Amino acid sequence: METEYHGPVSTSFPKPRIGVSACLLGEPLRYDGGHLHNTFLAQTLAPHVEWTAVCPESEAGMGTPREPVRLVDEDGGPLRMREVRSDTDHTALMRSWAARRVEELAGLELHGYVLTGDSPSCGLFRVKVYPGCGGPAVRRGRGLFAEALTERFPLLPAEEHGRLNDHRLRDNFIERVFAYQRWIALLDGPRAPSTLVAFHTAHKLTLMAHAPALYREAGRIVARAGSDPWDGTADEYGRVLMRALERLTTVRKHTNALQHAAGFLKALLDRDDREELAEAIERYRTGRAPLVAPLTLLRHHVRKAGGPDWLAAQTYLHPYPDELMQGSGE
């Protein structure tokens with residue numbers, strides 16, 4: 001599959017494929033036979049993505065309903081997954097199943113994953129770990145399936161469902177998913193340094209809005225693309241790209257990116273349009289308007305007035321479907 005990054009960035013988006021804990025889409029597969037239906041995932045995000053639903057404990061053969069499990073630390077060794085009441089150990093079962101399942105998922109070319117928080121199988125962050133000798137739990141674990149998933153796909157955008165209630169984390173996750181989809185599309189295409197140069201150029205403002213230092217580091221990798229082996233260059237760039245996008249944007253960095261873009265339109269806009277754009281950026285900077293306001297105006301002027309080709313091609317202008325952008329920003 002060949003992906004071009006020349007000319008205005010596309011405003012139509014192929015649906016990314018996202019893995020998800022099945023209970024978050026309303027499937028009654030939790031230990032008690034219930035679910036954790038998430039409205040944002042099942043209604044707002046669903047029209048724009050293809051879901052791949054997974055329930056580790058059910059698929060591993062633990063049944064539904066089932067006795068709840070928890071993570072247990074036995075003398076500092078690898079965490080165990082044990083039933084709360086009977087103490088039945090499901091560690092080997094879960095690890096064996098997870099190893100097979102992540103290889104199946106590799107064949108689907110996922111672009112993101114949403115996992116159930118606080119789960120001994122799916123939790124990404126601060127899952128409760130109980131001492132084997134008894135005592136209070138400590139929030140320092142990661143679910144056994146989540147661990148296998150992140151080890152197999154270290155660059156894959158992954159997030160817990162509860163954290164998506166924070167609009168900054170939600171916007172960041174969505175942006176990373178669509179950026180990762182573009183990156184995978186590039187890797188599936190011709191192995192030509194020119195494609196990496198075009199990709200990096202198209203993501204200039206996006207990277208500046210997340211991590212200016214990593215944008216410069218990525219640029220140094222691209223500069224070597226014509227002389228270094230492709231595989232090593234692509235792997236290195238991909239790691240820097242996704243590490244940069246994990247950094248949350250700020251009002252200050254967004255303002256810098258917007259002003260940088262606006263500077264290339266000065267000679268093409270009349271005085272009123274320049275002042276209107278500057279005021280829109282200032283209203284955003286001072287908290288009187290959301291990011292989507294100056295971004296929409298900037299997109300309008302780029303489309304109407306033209307400007308440098310690299311500016312029209314910026315993914316920053318259209319990072320993901322507009323329906324998911326309304327009200328986004330700091």
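1. Tyr237 touches Trp183, Leu196, Phe199, His200, Leu207, Ala218, Ile221 and Val222, leaving out residues up to four places away in sequence; contact here means heavy atoms within 4.5 Å. Tyr237 is also among the residues with the most contacts inside the largest nonpolar core, together with Tyr113, Phe145 and Trp183. That core has 90 residues, and helix H5 (residues 167–187) gives the most to it, with nine residues. A nonpolar core is a set of buried Ala, Val, Leu, Ile, Met, Phe, Trp, Tyr and Cys residues joined through side-chain atoms within 4.5 Å. Buried means under 20% relative accessible area, exposed over 50%, and partly exposed in between (1.4 Å probe, protein chains only).

2. On the basis of the description: this is a predicted model, in which local features need pLDDT of at least 70 and side-chain atom pairs count only at pLDDT 80 or more, while totals for chains, interfaces and linings use all residues. Residues are numbered from 1 along each chain as its sequence is written, and side-chain values use heavy atoms, with hydrogens and water left out.

3. An open sheet is formed by four strands in the order E2-E1-E5-E8, with parallel pairing. Helices (H or I, at least four residues) and strands (E, at least two) are DSSP runs numbered from the N terminus, and two strands pair if DSSP finds at least two bridges between them. Strand E2 (50–54) and strand E8 (158–160) are at the edges with a single partner strand each, so one side of each is left without a neighbour in the sheet. On average, neighbouring strands of this sheet are turned by 20° against each other, direction ignored. Strand E1 (residues 17–21) is joined to E2 by five bridges, and Val20 has Ala53 of E2 as its bridge partner.

4. Helix H3 (residues 91–106) and helix H4 (residues 144–152) pack with their axes 9 Å apart, at an angle of about 35°. Axes are lines fitted to C-alpha atoms, for helices over the stretch in contact, and angles run from 0 to 180 degrees between N-to-C directions. The residues of this contact divide into 10 nonpolar, one polar and five charged; Ala, Val, Leu, Ile, Met, Phe, Trp, Tyr, Cys and Pro count as nonpolar, Asp, Glu, Lys and Arg as charged, and the others, Gly among them, as polar.

5. Strand E3 (residues 69–73) pairs with E4 in the antiparallel sense over four bridges, and Arg70 has Arg82 as its bridge partner in E4.

6. Met62, in helix H2 (residues 56–62), is buried, with a relative accessible area of 12%. Not counting residues up to four places away in sequence, Met62 touches Glu57, Val69, Met81, His90, Leu93 and Met94.

7. His48 is located in the loop between helix H1 (39–45) and E2. His48 is buried at a relative accessible area of 17%. Neighbours within four places in sequence aside, His48 is in contact with Lys15, Pro16, Phe178, Pro321, Glu323 and Leu324.
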